[in-house]
Amino acid sequence: MKKWIKPPFAVIGLEGRKPEDGEDIVRRLWEEANRRFPEVAGLAKLRDDGSLAGVWGAMTDASRAFRPWEDGFSRGLYLAGVECREDAAAPEGWTRWEVPGFEYLRVENDGPEVFSRTLLEMEAAGMKLAGAVQDFTDPATGQGYMCFPIRSLDAGEGTEGV
């Protein structure tokens, strides 16, 4: 578990609503997003070496305020997508979200228990979620992480990769 400060960023992806769109909505969104990736590849934010900046399973509550999912983390919106350039507009059939900046606890996604285990560890340490948990995959390594927001950032605060 490492702290990670991530300023506001944008994601273009395919959006679904859980549970209304079915329990397997996340899997179905990723299958379609991966199949249709060429439609948004030119909008992706790139690192200096030309690789993608990030692949995100972005989440928010139904109000789109980036609060945690409701009803025991079972109800909310999910966006399967890629971090995009600041000037990128979502093509037809895609959605763009502006994810606020947060200080996160970034935890390697090593199995289905990582979410509940991390919430228990946070509670034991006196920490609370400051927003919705985000899934991040580092394209350079393929490693997946769950990002637990512990502090909201004001505009312009923080640096990436801390």
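Colleague: Which residues of helix α1 are buried, and what makes a residue count as buried?

Modeller: Ile25, Leu29, Ala33 and Arg36 are the buried residues of α1; buried means under 20% relative accessible area, exposed over 50%, and partly exposed in between, with a 1.4 Å probe and protein chains only. The model is predicted, so local features need pLDDT of at least 70 and side-chain atom pairs pLDDT 80 or more, while totals for chains, interfaces and linings use all residues. Residues are numbered from 1 along each chain as its sequence is written, and side-chain values use heavy atoms, without hydrogens and water.

Colleague: What covers the buried residues of α1?

Modeller: The cover includes β2 (9–18) and β4 (76–84); helices (H or I, at least four residues) and strands (E, at least two) are DSSP runs, numbered from the N terminus.

Colleague: Which exposed residues lie on the face turned away from the buried side of α1?

Modeller: That face carries Asn34 and Arg35.

Colleague: How do you know that the span of α1 agrees with its number of residues?

Modeller: The expected span is 1.5 Å times one less than the number of residues. For the 12 residues of α1 (25–36) this gives 16 Å, and the end C-alpha atoms are 16 Å apart, so the two agree.

Colleague: Why does the radius of gyration of the protein chain agree with a compact globule?

Modeller: The radius is taken over C-alpha atoms, and the globule rule is 2.2 Å times the number of residues to the power 0.38. With 162 residues the rule gives a value near 15 Å; the chain has 15 Å, and therefore agrees. Of these 162 residues, 41% count as buried.

Terms used. Contact means heavy atoms within 4.5 Å.
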